Amino acid sequence: MDRPFNVLFLCTGNSARSIMSEVMMNAMGAPRFCAFSAGSHPTGRVNPFALELLQKNRLPTEGLRSKDWDEFARPGAPELDFVFTVCDSAAGEVCPIWPGQPITAHWGVPDPAAVEGTDEEKRRAFFKAYSTLQNRIQLFLSLPLAKLDRVALTQRLKEIGGS
């Protein structure tokens, strides 16, 4: 392949889990991978706890925005190789038709933005989601993509997500 693999992370609000995944994949997977994120019902803002955690881990946050998944189904959108849902509600929704027939998998993680309580309790929830996603991305990046056929790769991606 003469271009990076394009990866799209989906969540309903595109404010926390999918955004963190996008940033981590771009940091850990470059130059082999180029990651994006989107939501079925984007909140229109990136969660401040997600931004804080990314910045604390010295990851870039400039230009991050909550966006609709329709952006990636339009003509001229990047051809997607992989699409991962990181929240259970997005996994149950009817997704657009993605250009390129990407391999899909569900990597559901509890929503840290839904946690009620003190800021410290919220930070802990974000850290837990971040750590889970980081581990899954590391496992994905370690796969021998050139040696796996589509069926085997799909199975491995489901195993990474625990489903």
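A nonpolar core is here a set of buried Ala, Val, Leu, Ile, Met, Phe, Trp, Tyr and Cys residues joined through side-chain atoms within 4.5 Å. The legends below all refer to a predicted model.

**View 1. The largest nonpolar core of the protein chain.** This core holds 39 residues, and those with the most contacts inside it are Met20, Phe82, Trp107, Phe140 and Leu157. Two or more residues are contributed to this core by each of β1 (5–11), α1 (17–29), β2 (33–39), α2 (48–56), β3 (82–85), β4 (103–106), α4 (119–141) and α5 (150–161). Helix α4 gives the most, with seven residues.

**View 2. The surroundings of Leu157.** When residues up to four places away in sequence are left out, Leu157 touches Phe82, Phe84, Ile103, Ala105, Trp107, Phe140 and Leu143. Among these partners, Phe82, Trp107 and Phe140 are, like Leu157 itself, listed with the residues that have the most contacts inside the largest core.

**View 3. Glu62 in the loop between α2 and β3.** Glu62 is found in the loop that lies between α2 and β3. Is this residue, Glu62, buried or exposed? Glu62 is exposed, because its relative accessible area is 80% and the cut-off for an exposed residue is over 50%. From C-alpha to C-alpha, Glu62 and Thr43 are 18 Å apart in space, while 19 residues separate them in sequence.

**View 4. The fold and overall dimensions of the protein chain.** Five helices and four strands make up the secondary structure elements of the chain, and, read along the sequence, they follow the pattern β-α-β-α-β-α-β-α-α. The C-alpha trace spans about 45 × 30 × 30 Å along its principal axes. A compact globule of 163 residues would have a radius of gyration near 15 Å, so the 15 Å of the protein chain agrees with that expectation. Of the contacts between residues at least 6 apart in sequence, 71% join residues at least 24 apart.

View 5. Buried residues account for 46% of the 163 residues. The chain exposes about 8,400 Å², and carbon and sulfur atoms supply 52% of this area.

Terms used. Residues are numbered from 1 along each chain as its sequence is written. This is a predicted model: local features need pLDDT of at least 70, side-chain atom pairs count only at pLDDT 80 or more; totals for chains, interfaces and linings use all residues. Side-chain values use heavy atoms; hydrogens and water are left out. The radius of gyration is taken over C-alpha atoms; the globule rule is 2.2 Å times the number of residues to the power 0.38. Buried means under 20% relative accessible area, exposed over 50%, partly exposed in between (1.4 Å probe, protein chains only). Contact means heavy atoms within 4.5 Å. Accessible areas come from the Shrake-Rupley method with a 1.4 Å probe; for residues, only the protein chains shown count as cover.
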